[in-house]
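This report concerns pairs of oppositely charged side chains. Please examine the sequence and the structure shown here before reading on.

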Amino acid sequence: MTNAQDELRMETRRWLKYAREDLRAAEAMLGLEEMLPRHVCWLAQQAAEKSLKEMSSATWFLLDSAVFCIILSIRTPVPINHCMGGMK
């Protein structure tokens with residue numbers, strides 16, 4: 001394994017660790033009467049976002065491109081294969 005692969009593996013593990021920590025915090029907050037639902041939802045959203053970063057760390061550029069295409073297609077219909085340079 002190369003240094004770049006090792007770094008990528010460490011990066012993906014780091015994001016997954018952060019996602020799990022956020023999810024555990026959200027679950028712990030659910031049981032607290034004084035916690036507002038929006039705080040629990042925010043932590044759950046953060047966990048989901050970090051999980052996506054973990055899954056896509058090797059292909060972050062492609063994910064950014066796909067998200068841009070989705071946002072663009074919501075505003076004006078654009079065939080997704082056109083937006084991503086013909087990728088299927």
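## Pairs within helix α1

In this predicted model, R14 and E11 stand about one helical turn from each other because they are three residues apart in helix α1 (residues 3-30). Helices here are DSSP runs of H or I with at least four residues, numbered from the N terminus. R14 forms a salt bridge with E11, and their closest N and O atoms are 2.8 Å apart. The term salt bridge denotes a side-chain nitrogen of Lys or Arg within 4 Å of a carboxyl oxygen of Asp or Glu. R14 is partly exposed, with 32% relative accessibility, and E11 is partly exposed at 28%. Partly exposed lies between buried (under 20% relative accessible area) and exposed (over 50%), using a 1.4 Å probe and protein chains only.

Helix α1 also holds E21 and K17, four residues apart, or about one turn of the helix. These two form a salt bridge whose closest N and O atoms are 2.8 Å apart. E21 has 31% relative accessibility and K17 has 47%, so both count as partly exposed.

## A pair between two helices

K50 forms a salt bridge with D22, with the closest N and O atoms 2.5 Å apart. Because K50 lies in helix α2 and D22 in helix α1, the pair ties together parts that are 28 residues apart in sequence. Both K50 and D22 are buried. The structure holds four salt bridges, among them the ones described here.

## Confidence and conventions

The mean pLDDT (the predictor's confidence in each residue, from 0 to 100) of the protein chain is 74, and 62% of its residues reach 70 or more.

Residues are numbered from 1 along each chain as its sequence is written, and side-chain values use heavy atoms, leaving out hydrogens and water. In this predicted model, local features need pLDDT of at least 70 and side-chain atom pairs count only at pLDDT 80 or more, whereas totals for chains, interfaces and linings use all residues.
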